[in-house]
Amino acid sequence: MTAIAVIAPRPKSRFLLDRPELVGPLFIAPAILYVFVLVALPFFLAIYYSISAFTIFDPSYRFVGLKNFIDVIDSDIFRRTLINTFVFTIGAQIIGLLLGKFAAMLLMQEFPGRGLARALVVLPWAVPVSLATLAWLWMFDSLYSVINWTLVAIGLMDPAHRWQWLGQQDLAMIAVTVVHAWRLFPFGVVIFIAGFTSVPKDVLDAATVDGAGFWRRNYQIILPIIAPIIMIAVIFGTVFTFTDLSVVYLLTKGGPINGTHVLGSLAFQVGILSGDVAHGAAICLFLFPFLLVAVIFLLRALRRREI
Amino acid sequence: MAAVAVNEIRKKFGDVVAINGISLEARDGEFMVLLGPSGCGKTTLLRIIAGLEKPTSGQILIDGQVVNDMPPRGRGIAMVFQSYGLYPHLTVWNNIAFPLRTQGTARAEIKRKVEWAAGLLGIDHLAQRRPRELSGGERQRVALARALVRDPTVFLLDEPLSNLDAKLRASARSELKQFQRTVRTATIYVTHDQVEAMGMGDRIAVLDHGTLRQVGSPTEIYEHPADEFVASFLGTPPMNLIEREGGSMGFRPENFLPKELLNGTAVVEFPFRVDRVEYLGSEHILYGALDGRAAKREVTAKLPAHATLNGISPGAWHAFAVRETELRYFDRDGRNTQRPVTRRYPP
């Protein structure tokens with residue numbers, strides 16, 4: 001005898017979760033809300049502040065047109081800051097990614113303790129920036145600098161004329177750039193390792209059989225193949241650095257004599273610490289055109305990712 | 001003269017023995033196929049010849065010269081990889097020119113050779129395309145052209161047809177064979193596909209678990225397998241193996257026929273119980289068991305589709321037979337006892 005199971009009719013509401021037109025908007029809503037509240041709203045608020053005379057002492061939304069922007073451009077500190085921002089961004093990219101590439105090549109090799117070495121390399125990323133910068137602060141200290149001590153010890157520096165890393169504008173600029181490059185370094189390593197492992201083994205073997213040596217293999221085969229990945233890393237790192245103020249703020253507070261400010265730190269100092277919200281917002285908005293260009297490049301690179 | 005010879009090659013990866021003392025040679029202009037199941041060491045052997053792996057012990061000779069310590073580029077080899085290994089960022093033209101550029105060949109000479117190779121393989125019109133814009137068959141030709149421009153002593157091909165679909169594979173197979181006849185360069189071809197091996201090889205080397213089981217022409221390998229492994233690796237369905245005193249006895253399914261079809265010759269008769277019949281268009285495959293004989297696998301018979309299956313029905317016993325000349329005998333270790341067998345080449 002055969003038994004036929006009778007399926008009890010279920011209430012219709014049980015299938016509500018199977019309907020994408022209902023569930024879809026529900027699931028995407030938090031993300032849209034997040035972008036709107038934390039990105040779009042502050043952005044429009046910044047535009048609004050930048051064309052007003054808003055300060056924390058006089059919170060009036062008096063419209064002043066482009067006056068704030070003209071004031072900012074006229075300021076020597078701002079012009080210096082703009083140059084600093086580019087030096088800081090480009091310098092940190094070059095140092096961080098270049099060292100990242102070499103470290104990645106080393107970490108691709110088999111050697112005892114490779115796992116530990118890989119973990120250590122990622123450490124600068126995992127350490128909170130404030131904590132790490134404190135360590136760097138000591139390394140650049142005018143009296144206890146271990147960098148100066150080393151340079152003196154190997155005879156490259158006159159003990160009577162030690163460098164004041166954070167006390168001279170150029171040296172301070174190098175210092176903040178190096179610290180930021182150190183923060184970017186793990187990112188560079190990870191990106192390059194990912195790139196290297198994505199190159200098909202057959203292609204590398206073919207290059208070897210075809211007679212390509214180390215340099216040719218690296219610069220004519222591997223690098224062009226992973227170029228789209230590197231491009232994304234460069235653009236991502238650029239955006240990340242361009243908007244960053246933590247290293248500058250923690251290491252030099254923009255000093256000496258406002259010599260190491262970047263756009264982010266200057267905007268923070270003017271807009272928040274000094275309370276001149278309108279001018280702070282105007283400074284901030286100078287980030288926008290550069291970031292826009294970077295994002296356009298990023299999206300194009302993403303689309304071109306497939307060689 | 002031998003284009004390539006390997007002598008007592010051994011290769012261990014850690015504790016795993018990938019190749020356990022293989023000696024083999026491919027003569028000038030010969031199409032040699034390395035055939036075996038996956039993991040048998042055939043690709044490793046090819047990579048050792050190419051110089052991409054170092055043997056644990058043993059000697060590799062190319063063109064009469066020991067090349068153990070020579071890098072791949074010095075060995076006079078060209079290799080085509082399973083997924084072709086084309087450079088994705090270079091055009092077809094530059095892909096083919098790459099090995100010449102690394103050798104510092106003069107520009108005019110590069111142009112001449114690339115055009116010659118592209119012409120020979122019929123890919124001149126694709127010169128400015130990139131690999132991702134090519135079909136599987138076109139990619140394979142580019143890989144061949146890139147191998148060809150180096151004027152190698154030997155071509156090493158690592159399953160170059162496995163990425164093509166079944167239909168294309170058949171035509172690529174005959175083109176490849178034709179191509180090899182034209183350039184007359186010794187070729188070592190790795191595959192796990194017995195149809196490719198039988199159809200293309202001048203000689204086939206059958207490998208299993210890092211050892212060489214048999215070397216010989218396709219006919220030798222198929223008709224006179226050196227051991228039970230070779231007997232059951234080749235042929236679809238493989239050779240029937242039934243137990244006998246002191247070993248086993250084998251016969252091919254296509255030689256196992258209803259007795260009435262084998263009139264007038266010396267035959268050995270086996271009562272055969274057919275369990276099921278498969279119709280494959282060109283043939284029938286009959287699966288079943290023998291009366292009073294233990295078989296290592298289900299016994300099969302292969303009948304041409306036009307042969308009538310008169311009276312043969314599942315579940316019933318029938319008189320089947322094999323010609324005595326088609327019977328093969330193996331000893332307890334599975335070795336063919338009938339003929340002196342080349343287990344290694346050179347003997």
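Here are some friendly notes on this predicted model, point by point.

1. Confidence first, since the model is predicted. Chain A has a mean pLDDT of 85, with 94% of its residues at 70 or more. Among the elements of chain A, the lowest mean pLDDT, 82, belongs to helix α6(A), residues 146-153. At the other end, helix α8(A), residues 201-209, has the highest, 92.

2. Now to the surface of chain A. Which residues make up the nonpolar patch there? The patch is formed by F86(A), I90(A), I94(A), I95(A), L98(A), L99(A), F102(A), F214(A), W215(A), Y219(A) and F290(A). Together they have about 1100 Å² of accessible area.

3. The largest share is that of α3(A), with 7 residues. I94(A), one of the patch residues, has its place in helix α3(A).

4. Helix α9(A) turns up again in the packing. Its partner here is α8(A): the two pack at an angle of about 160°, and their axes are 11 Å apart. That angle makes α8(A) roughly antiparallel to α9(A), because angles over 145 degrees are counted that way. The crossing of this pair is right-handed. Recall that α8(A) is also the element of chain A with the highest mean pLDDT.

5. How do α5(A) and α7(A) cross? Helix α5(A), residues 129-139, and helix α7(A), residues 169-198, cross at roughly 135°, with their axes coming within 11 Å. The angle therefore makes α5(A) oblique to α7(A). Here too the crossing is described as right-handed, with α5(A) passing α7(A).

6. On to charged contacts. Over all chains, a search of the whole structure finds 26 salt bridges. One case to inspect in chain B is K111(B) with E115(B), where the closest N and O atoms are 2.8 Å apart. Both residues lie in helix α3(B), residues 107-120, and they are 4 residues apart, about one turn of the helix.

7. The peptide bond from T236(B) to P237(B) is cis, with omega near -10°. P237(B) sits in the loop between α8(B), residues 228-233, and β11(B), residues 240-244. The other detail is E159(B), a residue other than glycine with a positive phi, near 40°. E159(B) is found in the loop that runs between β7(B), residues 154-158, and α5(B), residues 166-183.

Technical notes. Residues are numbered from 1 along each chain as its sequence is written. Chains are lettered from A and ligands numbered from 1 in the order in which they are written. This is a predicted model: local features need pLDDT of at least 70, side-chain atom pairs count only at pLDDT 80 or more; totals for chains, interfaces and linings use all residues. Side-chain values use heavy atoms; hydrogens and water are left out. Patches are made of residues with over 30% relative accessible area and no salt bridge: like charges are joined within 9 Å, nonpolar side chains (Val, Leu, Ile, Met, Phe, Trp, Tyr) within 5 Å. Accessible areas come from the Shrake-Rupley method with a 1.4 Å probe; for residues, only the protein chains shown count as cover. A salt bridge is a side-chain nitrogen of Lys or Arg within 4 Å of a carboxyl oxygen of Asp or Glu. pLDDT is the predictor's confidence in each residue, from 0 to 100. Axes are lines fitted to C-alpha atoms, for helices over the stretch in contact, and angles run from 0 to 180 degrees between N-to-C directions. Angles under 35 degrees count as roughly parallel, over 145 as roughly antiparallel, 65 to 115 as roughly perpendicular and the rest as oblique. A crossing is left-handed if the near helix is turned anticlockwise from the far one by less than a right angle, and right-handed if clockwise.
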